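Let's take a walk through this structure together, one stop at a time. Please have the sequence and the 3D view open as you read.

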Amino acid sequence: MKGQKLTVRALRTRQGEDIEVYAFFLPGDQVTQIADITRLRRSEASLEGFQRKEIRAHVAEIAEFLKHGPVLFPNAIILALSPQIRFKSARGPAGENGDVRSGELLIPIRPEGQRAAWIVDGQQRSLALARAEQVQLQVPIVAFVSDEIETQREQFILVNKAKPLSSRLIDELLPSLSMTLPKSLKPRQLPSALCAALADSPGSPLQGLIKRESEGEGETGVITDSGLTRAIAANLRPAGALGAYDLDGGMDAAFQALCIYWSAVRDAFPDAWGRSSEESRLMHSAGIQAMGALMDPIWTRADASPEPGAEVAAALTRIAPRCRWTEGHWEGLGWAWDDIQATSKHIKGLSEHLLKLDRELSRPIR
């Protein structure tokens with residue numbers, strides 16, 4: 001295999017900041033022979049890769065469809081190519097405006113894990129094509145030259161934004177991107193970055209407790225990142241606990257506020273902290289979002305006090321005896337502790353109940 005190359009007829013143009021883009025066709029079973037799938041995983045140092053875990057049922061369904069004989073398969077697979085590929089232009093004139101050239105694209109053939117291409121979009125289709133052994137089916141390929149993981153992640157998100165891609169996966173990838181994001185994604189970047197900081201930073205009360213899409217088997221997290229991200233996004237609204245910060249330069253201040261608040265939550269509910277959501281509704285998405293809503297009035301008061309940490313701790317200590325995270329019934333709600341689910345009804349009801357308790361118990365005694 002060493003020294004072997006795949007040669008295909010291709011068209012070349014350039015986009016963006018002089019990035020080479022190619023269009024060509026490959027037999028269906030050859031895509032996974034030249035391209036690796038970079039699955040999302042987390043090392044001790046950083047987030048690696050970007051792809052979802054293989055959805056076996058979906059792959060099997062596509063493969064079964066492909067085995068039924070001649071099929072129409074016009075959906076292009078998108079690859080990122082290593083700069084080590086080579087292109088030989090054909091003789092003759094270029095396209096009408098000189099921006100498109102035809103020629104031969106030479107792609108090195110290497111063992112898995114060392115390949116010169118990566119699948120950006122079409123992971124499951126590529127696996128299905130390989131399993132169906134579709135030698136005759138010519139599959140359209142669009143490829144750009146870049147071995148920069150950030151560029152590959154950017155394209156992965158933009159291509160999949162309108163598809164049923166896990167919102168948790170998008171949120172986990174967003175903090176690592178410096179590109180200009182679409183309006184629909186931009187508001188999610190800062191909450192996702194703060195969630196990532198809480199998950200990873202030493203000294204964070206939530207370090208090691210947050211479940212993320214990149215975590216493999218044996219994960220220790222008990223809090224789903226999506227619930228925490230939504231809670232932080234609400235805190236970042238203009239009227240929220242963190243809305244007053246200049247977040248272009250105040251992310252550190254927002255992070256410190258979150259650390260102070262959630263540390264106080266941990267200390268106020270030690271028996272409910274760090275347990276699975278089945279054992280403690282405080283760690284449940286509904287509990288996290290409700291406690292996030294409670295942060296708004298508590299932190300607004302605490303931020304103006306000489307000792308914010310003490311103010312937060314006092315407020316949570318006042319309401320703690322009224323909370324039922326691991327047993328009993330919520331007085332005033334009529335719900336058992338384990339009735340709470342991640343529905344809009346329960347999240348709203350629990351949030352309003354906690355906010356009401358805070359208002360009642362924080363009034364000065366006359």
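Predicted model: local features only at pLDDT ≥ 70, side-chain atom pairs only at ≥ 80, totals over all residues.

A residue is called buried when its relative accessible area is under 20%, exposed when over 50%, and partly exposed in between, using a 1.4 Å probe and protein chains only. Residues are numbered from 1 along each chain as its sequence is written, and side-chain values use heavy atoms, with hydrogens and water left out.

Let's begin with the whole chain. It has 11 helices and 14 strands; these are DSSP runs numbered from the N terminus, with helices (H or I) of at least four residues and strands (E) of at least two. Of the 366 residues in the chain, 47% are buried. Contact means heavy atoms within 4.5 Å, and among contacts between residues at least 6 apart in sequence, 67% join residues at least 24 apart.

Next come the aromatic rings. A pair of aromatic rings is described by the distance of the centres and the angle of the planes. Rings of Phe, Tyr and Trp (its six-membered ring) pair if their centres lie within 6.5 Å; planes under 30 degrees apart count as stacked, over 60 as edge-to-face and the rest as tilted. By this rule there are four aromatic pairs. In one of them, Phe269 and Trp325 have ring centres 6.0 Å apart and planes at 85°, so this pair is edge-to-face. The two residues are 56 apart and link distant parts of the chain: Phe269 sits in the loop between helix H8 (251-268) and helix H9 (285-303), and Trp325 in the loop between helix H10 (308-319) and strand E13 (329-330). Phe269 counts as buried because its relative accessibility is 6%, and Trp325 is buried too, at 4%. Trp325 also pairs with Trp330: their centres are 5.1 Å apart and their planes at 80°, so this pair is edge-to-face. Both Trp325 and Trp330 are buried, and together with Phe269 they form one aromatic cluster.

Our last stop is His346, in helix H11 (residues 344-361). With 13% relative accessibility, His346 counts as buried. Leaving aside neighbours within four places in sequence, His346 is in contact with Trp335, Asp339, Ile340 and Gln341. A polar atom of the His346 side chain lies 2.8 Å from the backbone nitrogen of Gln341.

Notes
Polar contact = N/O pair within 3.5 Å; in protein donor to acceptor, adjacent residues only side chain to side chain.
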